[in-house]
Amino acid sequence: MDPNITMPNPDSAGSCDPLPPGPAPRWCIVVVVLAGLLGLGLLADSIAASSASYDEVAYLKVAARWWRTGEQDEISRMGSPLVFWKLQQAPLLWILDHSGHRNWVDDPLEFQSRLLPLARLSSLWIWAVAWSLTVVWSRLLYGPRAMALAALLFVLSPNLLAHGALITMEMPLTACTTGLFLLFWRFLQAGDRRAFWGAAALAGLAMSCKYTTVIIPPMLGLIWWVDRWRSGERQPVRLTFEVARGMSGFLVVMGLANLIVTGFAVLPLGLPQAEHRTLKQVVGATLRPWVDPAMQLPIPEELVGFANQLVRQREGGPSYLFGERRMTGWWYYYFVALAVKVPLTVGLLFLGRGLLLRRSLAANNHSWMLPTIIALFMAITAAGSSRNYGLRYLLPLAPLAIVWVSGLLEGSRRARTLAVIGVLGQAVAVFGIHPHELTYFNAIAGGPTGGRRILADSNLDWGQGLKSLVRLQRAEPALADMTLYYFGDTAPRHYGVAGTHYLISAVSVPENLPAKLSAGTEFLAVSASLQWGPWGPDDYFQELRGLTPVRMTDDQTIAIYRARDLPEASSVSH
């Protein structure tokens with residue numbers, strides 16, 4: 001670690017630190033406060049509207065077991081980090097233990113319908129942190145009006161709202177990366193070494209929220225190199241060496257921070273037998289005698305989870321795009337996801353920010369860092385991802401995009417008008433889909449109905465539709481005579497779904513699944529990620545493609561058909 005890293009030159013044209021912005025107009029403060037309250041209100045309203053999304057039940061179970069026994073090996077074997085679920089659930093678990101609800105912690109699966117909304121509620125502070133950091137960054141970068149615009153754009157983002165209300169890893173990662181990018185920007189802007197090391201420490205925490213963090217240090221190193229080149233340094237070999245030395249220190253602090261937040265937990269690599277074979281194939285016959293003993297040595301547990309995730313990335317995973325299934329994904333998947341899952345006015349804001357503010361704002365505020373990181377992140381994701389599961393993988397870019405376009409409200413009249421249009425467009429998007437923001441698709445996609453033909457999984461149906469189905473069954477009791485083919489990882493009975501159920505997860509199908517799609521009931525219901533997505537047996541639900549559902553759940557994730565409308569060979573008379 002090098003404590004004497006070369007700081008950006010404060011006298012250079014690329015590193016000038018502008019004067020601190022003056023006091024914010026009162027209306028800006030009012031807008032920020034009201035926006036924050038609106039966001040929390042929208043999240044609180046949506047928390048109870050949906051059942052568990054995929055993996056939320058697993059995180060409930062893992063957290064409860066860790067709270068009771070300290071055991072957490074299961075989640076590392078799953079290829080997931082160690083800290084994000086503790087940040088979300090530990091305060092709630094303490095409260096439950098001290099409020100007469102110990103049995104909820106003892107059996108989280110059975111009590112999930114009551115426990116999950118509370119767990120989601122207890123994690124809203126993480127959304128609030130990400131929102132606050134975004135607002136503060138806009139204030140520092142552009143001024144008070146930009147701060148107000150950023151507050152509104154963050155609150156009125158369907159995707160940030162969707163994942164802010166879930167106990168998954170996306171929002172903890174987004175909060176951490178927003179903080180570390182803000183600190184690294186501050187380091188470039190003012191040469192503040194504390195900001196550099198603070199960013200490294202936050203990167204260590206982010207690594208224990210999602211392993212996507214691994215691509216961030218190389219991006220920051222490149223940003224730093226470019227910044228110093230722009231400031232006038234023209235010795236590429238020396239420059240590269242100094243940046244590499246500084247980023248080596250960054251990685252050391254990042255690793256130490258990760259060890260601290262994980263409690264110095266260790267675990268033998270000890271992968272399951274199938275993954276042993278994969279590893280042995282990689283190392284080859286010569287090194288195989290050393291593989292098994294080495295895998296029994298305890299190493300930092302976070303590395304075990306990361307290794308498991310690398311194996312899964314190498315193997316690929318079922319992906320879906322435009323009606324096609326594939327195990328290795330598409331390089332352009334996330335570009336398509338951006339085109340159909342983000343409100344159309346966001347593209348307008350980006351275009352306006354690029355065209356209208358090229359010269360009107362200070363050129364020395366390092367705002368170029370934001371779109372550069374976005375571009376680098378997109379390029380790495382397009383080149384390296386073999387598991388295309390949803391737009392959520394790009395969620396850490398949302399605050400950067402919001403901060404960058406927020407400068408519009410500090411610009412000309414045309415720029416300010418465009419900012420207002422952007423806010424109105426996002427408001428229409430959110431209030432048109434609330435409280436089911438996870439299923440949002442823009443007008444180009446045709447909303448959730450058209451979107452199912454383009455994307456699936458966490459873009460639309462992540463298993464969260466059981467409560468919607470129960471509401472429909474209560475409104476129309478005849479729908480209780482139903483056979484449900486459900487995608488998720490929890491039994492529909494936990495939410496009171498009536499009828500016959502077949503639970504199909506990402507890793508298994510039930511042993512009693514009929515050889516051919518059939519129903520011995522009046523109605524047949526199917527999750528969108530089975531009918532249109534990558535899960536379930538190939539072509540199993542093909543016969544539904546030409547049929548029109550008689551009902552859809554209010555979140556558009558489960559379609560209901562009359563069983564008699566199936567081809568006679570597939571339907572069992574009721």
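1. Helix 2 and helix 6 are roughly perpendicular to each other, a term that covers angles of 65 to 115 degrees. In this predicted model, where local features need pLDDT of at least 70 and side-chain atom pairs count only at pLDDT 80 or more, totals for chains, interfaces and linings use all residues. Residues are numbered from 1 along each chain as its sequence is written, and side-chain values use heavy atoms, with hydrogens and water left out.

2. The axes of helix 2 (residues 56-69) and helix 6 (residues 112-122) cross at roughly 90° and come within 11 Å, the axes being lines fitted to C-alpha atoms over the stretch in contact, with angles from 0 to 180 degrees between N-to-C directions. Helices (H or I, at least four residues) and strands (E, at least two) are DSSP runs, numbered from the N terminus.

3. On the helix 2 side, Glu56, Val57 and Leu60 meet Gln112, Leu115, Leu116, Ala119 and Arg120 of helix 6, contact meaning heavy atoms within 4.5 Å.

4. Strand 7 (residues 523-527) is mostly covered, with 5 of its 5 residues buried, that is, under 20% relative accessible area with a 1.4 Å probe and protein chains only. Phe523, Ala525 and Ser527 point one way from this strand, whereas Leu524 and Val526 point the other way.

5. Strand 7 runs parallel to strand 5 (residues 482-487), to which 4 bridges join it, and pairs in the antiparallel sense with strand 9 (residues 558-562) over 5 bridges; pairing requires that DSSP finds at least two bridges between two strands. Phe523 stands opposite Met482 and has Arg562 as its bridge partner in strand 9.

Definitions and conventions
Parallel < 35°, antiparallel > 145°, perpendicular 65-115°, else oblique. Buried < 20%, exposed > 50% of the residue type's maximum accessible area, 1.4 Å probe, protein only.
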